[in-house]
Amino acid sequence: MRKLNPGARAEQALRWIGVNRRQAAREIGVSLSLIAMNFGGASALRDVTALALQARFGVNARWILDGEPPIFLRPKGLEQISDEAMAAALACERMTPAARKAFVQMMRGISLQAEESRN
């Protein structure tokens with residue numbers, strides 16, 4: 001597997017939570033061209049950009065810069081939750097109320113099916 005550069009890691013994590021380049025640039029207060037250069041590898045992603053992405057989206061700046069897990073920061077008490085579950089939770093947070101309600105209902109249905117199959 002190819003090792004990702006910091007910009008590619010940042011873009012991958014943001015994609016998992018449903019954030020595109022334009023949204024990321026707007027929400028951390030930088031230009032779209034800077035994000036495009038960082039994510040595309042044309043310029044190095046700076047520490048301050050990684051920290052801004054961490055503060056706004058919960059993506060671990062250390063993972064962005066060095067590839068050191070976890071990918072997403074966890075709230076206190078939820079340190080054991082998987083990166084996949086954190087990505088789903090962060091994506092859900094960005095959904096419209098109607099989409100969030102449908103997502104939660106779908107997840108409850110999956111959970112019930114899994115429980116039934118264990119019994």
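Leaving aside neighbours within four places in sequence, with which residues is N60 in contact? In this predicted model, the residues concerned are Q54, E68, P69, P70, I71, F72 and L73. N60 itself belongs to the loop between α4 (47-57) and α5 (61-66). The side chain of N60 reaches the backbone oxygen of P70 at 2.8 Å, and P70 is one of the contacting residues listed above. The relative accessible area of N60 is 8%; because the limit for a buried residue is under 20%, N60 is classed as buried.

Helix α2 spans residues 21-28 and helix α3 spans residues 32-40. Their axes come within 9 Å and cross at roughly 120°. The two helices are therefore oblique to each other, and their crossing is right-handed. On the α2 side, the contact is made by R21, R22, A25 and I28, while α3 contributes L32, I35, A36, F39 and G40.

The relative accessibility of A89 is 43%. Since partly exposed residues fall between the buried limit of 20% and the exposed limit of 50%, A89 counts as partly exposed. Along the chain, A89 and I17 are 72 residues apart, yet a distance of 8.2 Å separates their C-alpha atoms.

Note on methods
Residues are numbered from 1 along each chain as its sequence is written. This is a predicted model: local features need pLDDT of at least 70, side-chain atom pairs count only at pLDDT 80 or more; totals for chains, interfaces and linings use all residues. Side-chain values use heavy atoms; hydrogens and water are left out. Buried means under 20% relative accessible area, exposed over 50%, partly exposed in between (1.4 Å probe, protein chains only). Axes are lines fitted to C-alpha atoms, for helices over the stretch in contact, and angles run from 0 to 180 degrees between N-to-C directions. Helices (H or I, at least four residues) and strands (E, at least two) are DSSP runs, numbered from the N terminus. Angles under 35 degrees count as roughly parallel, over 145 as roughly antiparallel, 65 to 115 as roughly perpendicular and the rest as oblique. A crossing is left-handed if the near helix is turned anticlockwise from the far one by less than a right angle, and right-handed if clockwise. Contact means heavy atoms within 4.5 Å. A polar contact is a pair of N or O atoms within 3.5 Å; within protein, one must be able to donate a hydrogen and the other to accept it, and residues adjacent in sequence count only if both atoms are side-chain atoms.
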